[in-house]
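Biologist: Could we go through this structure together? I would like to begin with the terms and then move to particular residues.
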Amino acid sequence: RMSAHRRLKKGIAKNAGFNRRKQLFHAHSRDQRRQLLNKRRLLLPRSAQNATSIDHKSKLDAITKLVEAFRKETSPQSQCNKLEGLIQHLSMEDEDPDDAIDKIINLGFVKDLTELVSGRTQSSDLQLWAAWCLNNIATGNHAQTKTVMPACPAFIQALSGTNAKLKEYAIFALGNIAEDCLELRTIIVKMGALDPLAKLLHSKDKVIVRTVCWAVSNILKGTNNEFILKEFHKYSFVKEFWRLLESKEPGIISQVCWSMCYLTSHNEEGTGKLIEAKFPARIISALYKESPVAVILPALRTLGNMLAYNDKFNEQLLPMCKGILEFLALCVKHEHRGIQKESIWVVSNILAGPPSHAKPVIQAGFIPVLLNHLKKSQFDIKREAVHALKNASRDDKVLNQLVKNGIVPPLLSLIRIQDIDTIRTCLHFVERILERVKNGASIVEEAGGIEALETVQMIQNRDLWTHAGDLVDKYWGEDVDDFKENEPVEPVEYPPWRVGANQAAPEIKNSAPVFDFGKF
């Protein structure tokens, strides 16, 4: 029998994200590509930005003149004026700074800026302007960001200094560097960035605390790096995260939840410790009906990861999260597509458990809402809904009600979409209907099932078109007697970004009452 599947998500998986960004390289402007990353440019206030736009060549010429003039000046104030001019070209909200960054790099000026941040000057203003420039250079592409690495020791030293503004700029720069790639984030951790960052979580300055949480989430992002995790757990981050979830500051809670998301996607052992420490209940208690999207999304992602591993974790988590189903009920009908999608994935992971886990979800009325999403929502939400409904349909009463209320046509429609993971799920779902629903073959055939299954022959995946062909042969072909009914089915293979602990869950047979599809 087909088991249910939990699926683990890794936040912004670095390798997958990199490949997607590479594919989209020519389809997006450079500024749009920058937005796909979690890098942050320090911008000038609108009132301080130069309202007069200049052409590309004039801008590069102006940068050259500013750098040359800076190198000739001896007065700190005059040098500050020249750096302020550079900031104009690096910090305009509506302008892509890539060309300006390249020009500054090609002029060798990153070295000058690094020396200023490292203490070549006694002027704190010069240090601040230089740090601002370097931070915005670090928001560029990998090659541009890498040129800022020599300044990292000075940035880390600034974290323990007394200049609050320099400290803030240093955190931003380190966070941008950490966001770039595993190689650079590993280097800054080896340089000792985590210790002073952990201490800054005690700061009374909410801006500093929020920025530290963002930088730490970037350090933890996207990969199961044992060295980074080991270093992370040497310090008091987890203890401070627990405290900060009570901060009532959405910006802080959001970044804490992203850090928790990356921690729970990394390893089962670490996730178990967070569940034992009752972090799921702490996260739920930090949420409320009017919570901003920036908080709800990482919170859902964290809870979904925690629910993706095994029944033992879920048996600990679900009872401690009072109100989780009520909160998820609001989220699956939320106006924000991302929240709908993430909450359906969380529900799916709960439904993948034993009857004692799935039954409350079924009784709470989620099934009609999920079916409505499958029928009417956009593809990314339909994809999550079909996984959730497949998990729920292990209950025969749920399966029959779904068929009665029209699940077959949208299910067959998804088979026609060129998405291997979704087709695989739908084929198993159709097989379940054919096996366990009375007159299932006739119902599927009348909805165009044979034609839908035959379209799978066009997919370049041998397992899928073999599975589809076997279903057609078994239920509508002439050689039914030749089918080996007990022939084992190859295990389902999910791509890494969708696979959870992949634990087999028991079938649910007649465990829940028939529900009213008109309610919820």
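Modeller: One term first: buried means under 20% relative accessible area, exposed means over 50%, and partly exposed is in between. Please keep in mind that this is a predicted model.

Biologist: Fine. How many helices and strands does the protein chain have?
Modeller: The protein chain has 31 helices and zero strands. Buried residues account for 56% of its 520 residues.

Biologist: And what is the accessible surface of the protein chain?
Modeller: The accessible surface is about 23500 Å², and 50% of that belongs to carbon and sulfur atoms. As for contacts between residues at least 6 apart in sequence, 77% join residues at least 24 apart.

Biologist: Let us turn to charges. How many salt bridges are found in the whole structure?
Modeller: The search finds 17 salt bridges. One of them joins the side chains of K146 and E183, at 3.5 Å from N to O. K146 is in helix α8 and E183 is in helix α11, so this pair ties together parts that are 37 residues apart in sequence.

Biologist: Is K146 buried, exposed or partly exposed?
Modeller: K146 has a relative accessible area of 40%, so it counts as partly exposed. E183 is also partly exposed, because its relative accessibility is 41%.

Biologist: What about E342 and R301?
Modeller: Their side chains meet in a salt bridge with an N to O distance of 2.8 Å. That pair links distant parts of the chain, with E342 in helix α22 and R301 in helix α19, 41 residues apart. E342 counts as buried because its relative accessibility is 5%, and R301 counts as buried at 12%.

Biologist: Which helices hold D396 and R436?
Modeller: D396 lies in helix α26 (residues 396–404) and R436 in helix α28 (residues 420–436), so the pair ties together parts 40 residues apart in sequence. Their side chains form a salt bridge at 2.6 Å, N to O. D396 is buried at 13% relative accessibility, whereas R436 is partly exposed with a relative accessible area of 22%.

Biologist: Changing topic: which residues gather in the patch of negative charge on the surface?
Modeller: The patch consists of E445, E446, E451 and E454. The elements giving two or more residues to this negative patch are α29 (440–446) and α30 (449–455).

Biologist: Where is E451 found, and how accessible is it?
Modeller: E451 is found in helix α30. Its relative accessible area is 47%, so E451 is partly exposed.

Biologist: Now the interior. Which residues of helix α21 are buried?
Modeller: In helix α21, which covers residues 324–331, the buried residues are I324, F327, L328, A329 and C331. What covers them includes α18, α19, α20, α22 and α24.

Biologist: A general point, then: why would residues three or four places apart point the same way?
Modeller: An α-helix has 3.6 residues a turn, so residues at that spacing point the same way.

Biologist: Last topic: I188. Which helix is it in, and is it buried or exposed?
Modeller: I188 lies in helix α11. It is buried, because its relative accessible area is 0%.

Biologist: What is I188 in contact with, leaving aside neighbours within four places in sequence?
Modeller: I188 is in contact with M149, C152, I156, L174, I177, A178, A193 and I219. In the case of C152, the two C-alpha atoms are separated by 7.1 Å, and the residues are 36 apart along the chain.

Conventions:
Residues numbered from 1 in each chain as written. Predicted model: local features only at pLDDT ≥ 70, side-chain atom pairs only at ≥ 80, totals over all residues. Heavy atoms only, no water. Buried < 20%, exposed > 50% of the residue type's maximum accessible area, 1.4 Å probe, protein only. Helix = DSSP H or I, 4+ residues; strand = E, 2+ residues; numbered from the N terminus. Contact = heavy atoms within 4.5 Å. Patch = residues over 30% accessible without salt bridge, like charges linked within 9 Å, V, L, I, M, F, W, Y side chains within 5 Å. Areas by Shrake-Rupley, 256 points an atom, 1.4 Å probe, with all protein chains shown as cover. Salt bridge = Lys/Arg side-chain N within 4 Å of Asp/Glu carboxyl O. Lys, Arg positive; Asp, Glu negative; His and termini not counted. Charge placed at Lys NZ, Arg CZ, Asp CG, Glu CD.
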